[in-house]
Amino acid sequence: MTLTLNPLGCEEGKPADRSAFSFETTTRLPDSAAGLGRGGKRYGRTGIIHTPHGDIRTPAFVPVATQSAMKAVLPEQMKDLGAQCLLSNAFHLFERPGEDVLDEAGGLAQFMNWDGPTYTDSGGFQVLSLGAGFKKTLAMDVQGMKSDDVIADGKERMAFVDEDGVTFKSPLNGSLHRFSAEISMRIQHKLGADIMFAFDELTTLMNTRSYQEQSVERTFRWAKRCVAEHQQLTQTRLGKPYQALFGVVQGANYEDLRRLAASQIASLDFDGVGIGGAIEKQLLGQTCAWICDEMPESRPRHVLGIAAVNDIFDAVENGGDTFDCVAPARNGRNGAIFTRDGRWNVKRAEFKHDFRPLEEDCDCYTCRNYSRAYVDHLLRAREFNGFTLATIHNEHFFVKLLDDIRAAIDAGYFDEFKRETLARFYAHGSRG
Ligand SMILES: [Zn+2]
């Protein structure tokens, strides 16, 4: 009898081969006096994540294709602009079209015709966001923000957490649903991404210390249940490629809780770690370092929901390997363009007659072929092509930023590159 071995390294009738997923480090950042880890350690590094659908060279930017699609941009165009992998949201795909459809299609990558690795989040963020009216970015700038801005008062609560899971009302049709560790694992196994996340409880920076403590313990209990369900599904869903599971570290801004949560996640049989939850912007790098102090270096680390260029540098320097962010697409559709000289809006009056590309010297498809005046016009006219062109440029900006950071670490000039890039980007008081 000959065995059928498909290109993804799985065999018909056999459980997935876990060795299809692995991580190797290429270059480590040298430790420095300014290092935020124990003894001045800096955890930044370059490496390669091997997955059944291909390799990811890290640090890497992971564009967010929420509903198994980048809004207004085809997967082929994402490949062309240099994206290595995409992340979709389990909750959205569970609501529509349903995880069975993706399973039938052969998994997320095949469903959306994406030739490369994919991620799904656990659904926890979306489900719990229904409960509190969170700000959508997790690295929050809390200065001047009141708790009412985050936990909206008088807003209908759409999600309720109990020990076993979360009950929530569908924003699509108001029907009641339930998510738990086991349900999230079953959904994500059917969605078929290469990298999945454990179901965790997301808190905000406004929750009390005692609630954060309870939440960290609950997330640990859910993490154990996720690992058990994941292992069971890996053994029983035959002929499928291996799906890696990352545990998520919560603990808000508290060093002791972050360290505790990280050592709890490190004690379980996860393939990698997700750095999650609300983090005060100024503490992002430090939080990553606390977590890395408690983690084996052999596991890749994903930072969930990065918001800005300086956040990316802080997270890379302190051990983040991969980063997802909705900012380039969401801002691009509103006309906000990221360039090395900062973020500016192409819909300003001065660009109406400006026939230069969005960014001079940018080699993205948009900048090679279209002008500021044209993109400005399309966005004002709400033409879909405007969303396409702005998104292509912005996604390319972040993908290339991470490519350049990777090259800088490998060649030993990360510190100079960081200093020069941030000085130039924020020289005119740019946001983002
Ligand atoms: Zn461009």
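1. Two residues are taken to be in contact if their C-beta atoms, placed from the backbone, lie within 7 Å. The model discussed here is predicted. With that contact rule in mind, the buried residues of helix α8 pack against α7 (181-191), β12 (244-249) and α9 (255-266).

2. Helix α8 itself runs over residues 209-236 and has 28 residues. From its first C-alpha to its last, α8 reaches 41 Å, close to the 40 Å expected at 1.5 Å a residue. Its buried residues include Gln212, Ser215, Val216, Thr219 and Phe220. Further along α8, Trp222, Ala223, Cys226, Glu229, His230 and Leu233 are buried as well. An α-helix has 3.6 residues a turn, so residues three or four places apart point the same way.

3. The chain is divided into domain 1 (62-325) and domain 2 (336-421). Their C-alpha centres lie 28 Å apart. How many residues of domain 1 are in contact with domain 2? There are 15 from domain 1, in contact with 16 residues of domain 2. On the side of domain 1 that touches domain 2, α1 (75-80) and α11 (309-317) each supply at least two residues. That side of domain 1 has 11 nonpolar, 2 polar and 2 charged residues.

4. An unreviewed UniProt entry carries the annotation "binding site" for Asp121, Ser122, Gly123, Gly124, Phe125, Asp200, Gln250 and Gly277. Phe125 is in helix α5 (residues 124-132), and Phe125 counts as buried because 22 C-beta neighbours lie inside 10 Å. Gly277 sits in the loop between β13 (272-275) and β14 (279-280). With 29 C-beta neighbours inside 10 Å, Gly277 also counts as buried.

5. The UniProt annotation "binding site", again from an unreviewed entry, also covers Cys362, Cys364, Cys367 and His393. Why can these four residues be said to gather at one spot? They span 32 residues in sequence, yet no two of their C-alpha atoms are more than 8.4 Å apart, so they gather at one spot.

6. Within this group, Cys362 belongs to the loop between β18 (342-345) and α13 (365-369). Is Cys362 buried or partly exposed? Cys362 has 18 C-beta neighbours inside 10 Å and therefore counts as partly exposed, since a residue is buried if 20 or more other C-beta atoms lie within 10 Å of its own. Leaving aside neighbours within four places in sequence, Cys362 is in contact with Pro357, Cys367 and His393.

7. Cys367, in turn, is placed in helix α13. Cys367 has 22 C-beta neighbours inside 10 Å and so counts as buried. Not counting residues up to four places away in sequence, Cys367 touches Pro357, Leu358, Glu359, Cys362 and His393.

8. A last point concerns Asp404, which is found in helix α15 (residues 384-411). Asp404 counts as partly exposed because 13 C-beta neighbours lie inside 10 Å. Between Asp404 and Phe417 there are 8.7 Å in space, C-alpha to C-alpha, and the two are 13 residues apart in sequence.

Methods: Residues numbered from 1 in each chain as written. Predicted model: local features only at pLDDT ≥ 70, side-chain atom pairs only at ≥ 80, totals over all residues. UniProt positions renumbered as here; feature names shortened; annotations may be inferred. Helix = DSSP H or I, 4+ residues; strand = E, 2+ residues; numbered from the N terminus. Buried ≥ 20, exposed ≤ 12 C-beta atoms within 10 Å, placed from the backbone. Domains from an automatic or database assignment. Nonpolar A, V, L, I, M, F, W, Y, C, P; charged D, E, K, R; others polar. Expected span 1.5 Å × (residues − 1).
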